[in-house]
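Subject: Structure handover

Hello,

Here is the structure for you to take over. Please open it first, then read the notes below it.

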Amino acid sequence: VQLEESGGGLVRAGSSLRLSCATSGSTDSIALMGWYRQAPGKQRELVASIRTGDDNTNYQDFVKGRFTISRDNAKNTLFLQMNSLKPEDSAVYYCNAVVNNGRGPPIDYWGQGTQVSVAS
């Protein structure tokens with residue numbers, strides 16, 4: 001599975017951005033997809049996730065009501081719509097895919113990340 005993020009940039013507080021994650025390879029084996037972020041000096045943290053079987057979504061409290069995770073199955077693309085951005089949302093955002101092929105433990109795949117910077 002290969003993942004490639006795009007859509008990051010520098011915006012002002014209160015603005016919106018939409019991140020995209022193009023997936024390729026054995027996409028049928030992906031069980032869960034998510035967006036993580038990592039700010040300088042901090043650990044990588046989960047932002048939101050979506051289960052591919054039923055599109056059940058999960059959000060961290062700090063983005064609830066502002067961010068929306070979705071996917072276009074036909075285009076094998078994952079999205080993160082980010083509204084009302086705050087300076088504390090500044091981080092490198094990573095796309096994640098969890099593959100469960102039934103032959104062992106789940107495997108994590110990561111994209112290279114895309115920088116989001118929010119100016120006050």
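The notes below go through what was found, one topic at a time.

Keep in mind that this is a predicted model.

**The disulfide**

The count comes to 1 disulfide. It joins Cys-21 to Cys-95, with the sulfur atoms 2.1 Å apart. The angle about the S-S bond is -80°, and the link of Cys-21 and Cys-95 is left-handed. Which parts of the chain does the pair link? Cys-21 is in strand 3, residues 17-24. Cys-95 is in strand 9, residues 91-99.

**The aromatic pair**

A search of the whole structure finds 1 aromatic pair. The partners are Tyr-36 and Trp-110. Their ring centres are 4.9 Å apart. Their planes stand at 70°, so the pair is edge-to-face. The cut-off for that label is an angle over 60 degrees.

Tyr-36 has 21% relative accessibility and counts as partly exposed. Trp-110 is at 36%, so it counts as partly exposed.

**Arg-44 and two rings**

Trp-110 comes up again here. Arg-44 lies over the face of Trp-110, at 4.6 Å from the ring centre. The charged end of Arg-44 also sits over the ring of Tyr-94. There the distance to the ring centre is 3.7 Å.

**The largest pocket**

What is the volume of the largest pocket? It is about 180 Å³. Which residues line the largest pocket? Among them are Thr-23, Thr-27, Asp-28, Ile-30 and Met-33. The lining also includes Thr-52, Arg-71, Asp-72 and Asn-73. Asn-76, Thr-77 and Leu-78 belong to the lining too.

By class, the lining has 3 nonpolar, 6 polar and 3 charged residues. Strand 4, strand 7 (67-72) and strand 8 (77-82) each supply at least two of the lining residues.

Most residues other than glycine have a negative phi. Two exceptions are worth a look.

One is Asn-76, with phi near 50°. Asn-76 is also one of the residues that line the largest pocket. Its place is in the loop between strand 7 and strand 8. Asn-76 has a relative accessible area of 29%, so it is partly exposed.

The other is Ser-84, again with a positive phi, near 50°. Ser-84 lies in the loop between strand 8 and strand 9. With a relative accessible area of 41%, Ser-84 is partly exposed.

Start with Gly-41. It is in the loop between strand 4 and strand 5 (45-51). Its relative accessible area is 88%, so Gly-41 is exposed. Gly-41 and Arg-66 are 25 residues apart in sequence. In space their C-alpha atoms are 24 Å apart.

Next is Tyr-93, in strand 9. Is Tyr-93 buried or exposed? At 0% relative accessibility, Tyr-93 counts as buried. Its C-alpha atom is 8.8 Å from that of Gln-112. Along the chain, Tyr-93 and Gln-112 are 19 residues apart.

Asn-101 has 32% relative accessibility and counts as partly exposed. How many residues separate Asn-101 and Ala-31 in sequence? They are 70 residues apart. In space, C-alpha to C-alpha, Asn-101 and Ala-31 are 8.9 Å apart.

**Recap**

The disulfide runs from Cys-21 to Cys-95. The aromatic pair is Tyr-36 with Trp-110, edge-to-face. Arg-44 lies over the face of Trp-110, and its charged end sits over the ring of Tyr-94. The largest pocket has a volume of about 180 Å³. Asn-76 and Ser-84 have a positive phi.

The structure is yours now.

Best wishes

Definitions and conventions:
Residues are numbered from 1 along each chain as its sequence is written. This is a predicted model: local features need pLDDT of at least 70, side-chain atom pairs count only at pLDDT 80 or more; totals for chains, interfaces and linings use all residues. Side-chain values use heavy atoms; hydrogens and water are left out. Rings of Phe, Tyr and Trp (its six-membered ring) pair if their centres lie within 6.5 Å; planes under 30 degrees apart count as stacked, over 60 as edge-to-face and the rest as tilted. Buried means under 20% relative accessible area, exposed over 50%, partly exposed in between (1.4 Å probe, protein chains only). A charge sits over a ring if NZ of Lys or CZ of Arg is within 6 Å of the ring centre and within 35 degrees of the ring normal. On a 1 Å grid over the protein atoms alone, a cavity is a set of points where a 1.4 Å probe fits but cannot get out, and a pocket is an open set with protein on both sides within 12 Å along at least five of seven lines; lining residues have an atom within 4 Å of a point. Grid points are joined across faces, edges and corners, and a volume is the space filled by probe spheres set on the points. Helices (H or I, at least four residues) and strands (E, at least two) are DSSP runs, numbered from the N terminus. Ala, Val, Leu, Ile, Met, Phe, Trp, Tyr, Cys and Pro count as nonpolar, Asp, Glu, Lys and Arg as charged, and the others, Gly among them, as polar. A disulfide is a pair of cysteine sulfur atoms within 2.5 Å.
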